[in-house]
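This briefing is for a reader who is meeting the structure for the first time. Please look over the sequence and the model below before going on to the points by topic.

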Amino acid sequence: MKKYLSPDPFKKARVTHGCAHMDEQNDPVTMILRLKDVRKTAHNWKTFHSGATPGRIVIPSEVNIRDTRQIPFEVDPPLHGSFRSLLEPWFKRPLESAYQEKLTQQVRALVDDVLEAGKIDVVEDFSLCLQSRALTLLLNTHASEADTWIGWGTHVFRSEDDPLDGDKAALLYDYIDEQIKASTPDPEGNLYSVLLSAEVEGKKLTHEEIKGIMILTFAGGRDTVINAVTNTISYFAEHSESLVRLRNEPEIIGRAIEELLRYFAPLTQMGRVVTDDTQVCEHAIKADSRVSLCWASANRDESVFESPEEVILDRKLNPHVSFGFSHHNCLGATHTRQIMRVLIETLIEKVSSIEIIDFEENVESLGEFERKVGFHQLNAKFNPH
Ligand code: EMZ
């Protein structure tokens, strides 16, 4: 079997029931599996809200390892919209050419390093470095900060043997507390300084609110970006002809990025808490219980996507939900899309082939389902032109 493949474990349940049940830390989840239902539920924030106890809409639940509300992701409208209006322009900076040039320099330098290095672990030596260095651009902080973040490993809350590692999470919170305290308000400065000088609904942000925005910025785009990059490398390792095709048809790079994101769905699902007794796909759901929007399943919905199991680089109709859907769509999407674009352009230019040597898959256990979301390790060798 090809190593890049990410099989769809939800197919049968999606087609027959549309929903599935998952036990999770004594707080069960009804997983919503069809694209139409996922979108409908994401829209309906009054019945399916995000403003529950901090950490509860995340699966696995993080209620035991954090008290700080992540913003804007754990806030409902209308306050959600006020935070989004503040943050949106900042998170759209990756569209600026100066930003893209810096990102390109970073990725080129990293690809040059791995071309020289011989065997590398794509997760540790490539994707983690790329994610951390690129994050210095998103935060507008000093490049050397990336070394600290690389030291934290691939997930800021999870370690290899403990999916919810409170001690590890505490490191991140302490770091963010210190950074906020050490920063001064400056609308032209780094993200901490910008937030310290900003107002939402006529009020300065509190330390706790700034911390909530920063935790989300660090945690939300961490393993997700690492999975996207590592899976993309595994795909090109087994499809070097696709690199040749993208070199010859650069006009399809945008579609290829969306297709890789659809197929690999770096974040499997996200929860909501039900505010009133309701129904999803003909199942009764009690108030105060959890549902999840299963992006990974919705992206393979056979009633929407033709041949959903295949990576079709120039797929035309591609309403995937890898960045979520509706008002909570991913704030980091612009940054991620730029990373994917620069990565693909740099691979096209510098790399002729990638050989996978050995690997360890990262498989999530989700009740009755097991889903490969990426790799814990992917040892490989990059070959130059
Ligand atoms: C949360 C989440 C956000 C959560 C868009 O996803 O990402 C997860 O990886 C984190 O653990 O806290 O930020």
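This is a predicted model: local features need pLDDT of at least 70, side-chain atom pairs count only at pLDDT 80 or more; totals for chains, interfaces and linings use all residues.

The lining of the second largest pocket is made up of 6 nonpolar, 4 polar and 4 charged residues.

- The volume of the second largest pocket is about 240 Å³.
- This pocket is lined by 14 residues, and those closest to its centre are Arg93, Tyr99, Lys102, Leu137 and Asn140.
- Two or more lining residues come from each of helix H4 (97–117) and helix H5 (122–139).
- With 3 residues, H4 contributes the most to the lining of the second largest pocket.

**The ligand and its surroundings**

- The ligand is surrounded by 14 residues, of which Glu62, Gln70, His155, Phe157 and Asp223 are the closest.
- Sorted by kind, the shell around the ligand holds 7 nonpolar, 3 polar and 4 charged residues.
- Helix H9 (residues 207–220) supplies the largest share of this shell, 3 residues.
- Glutamate 62 has a side-chain N or O atom 2.5 Å from an oxygen atom of the ligand.
- For histidine 155, a polar side-chain atom is found 3.3 Å from an oxygen atom of the ligand.
- For aspartate 223, a polar side-chain atom is found 3.5 Å from an oxygen atom of the ligand.
- The ligand taken alone exposes 340 Å², and the protein buries 90% of that area.

**The cavity**

- How many cavities of 30 Å³ or more does a search of the whole structure find? The search finds 1.
- The volume of the largest cavity is about 50 Å³.
- Residues that line the largest cavity include Ser6, Pro7, Asp8, Pro9 and Phe10.
- Also in the lining of the largest cavity are Arg262, Tyr263, Ala265, Ala296, Arg300 and Arg371.
- By kind, the lining of the largest cavity has 6 nonpolar residues, 1 polar residue and 4 charged residues.

**Cis peptide bonds**

- Isoleucine 59 and proline 60 are joined by a cis peptide bond, with omega at about 0°.
- Proline 60 sits in the loop that runs between strand E3 (48–49) and helix H3 (79–91).
- Another cis peptide bond links isoleucine 71 to proline 72, with omega at about 5°.
- The loop between E3 and H3 is where proline 72 is found.

**Positive phi angles**

- Asparagine 26 is not a glycine, yet its phi is positive, at about 60°.
- The loop between strand E1 (19–22) and strand E2 (29–32) holds asparagine 26.
- Is asparagine 26 buried or exposed? Asparagine 26 counts as exposed because its relative accessibility is 83%, and exposed means over 50%.
- Cysteine 281, a residue other than glycine, also has a positive phi, near 35°.
- Cysteine 281 is placed in the loop between strand E8 (278–280) and strand E9 (283–285).

Methods. Residues are numbered from 1 along each chain as its sequence is written. Side-chain values use heavy atoms; hydrogens and water are left out. On a 1 Å grid over the protein atoms alone, a cavity is a set of points where a 1.4 Å probe fits but cannot get out, and a pocket is an open set with protein on both sides within 12 Å along at least five of seven lines; lining residues have an atom within 4 Å of a point. Grid points are joined across faces, edges and corners, and a volume is the space filled by probe spheres set on the points. Ala, Val, Leu, Ile, Met, Phe, Trp, Tyr, Cys and Pro count as nonpolar, Asp, Glu, Lys and Arg as charged, and the others, Gly among them, as polar. Helices (H or I, at least four residues) and strands (E, at least two) are DSSP runs, numbered from the N terminus. Buried means under 20% relative accessible area, exposed over 50%, partly exposed in between (1.4 Å probe, protein chains only). A residue is near a molecule or strand if one of its heavy atoms lies within 4 Å of it. A polar contact is a pair of N or O atoms within 3.5 Å; within protein, one must be able to donate a hydrogen and the other to accept it, and residues adjacent in sequence count only if both atoms are side-chain atoms. Accessible areas come from the Shrake-Rupley method with a 1.4 Å probe; for residues, only the protein chains shown count as cover.
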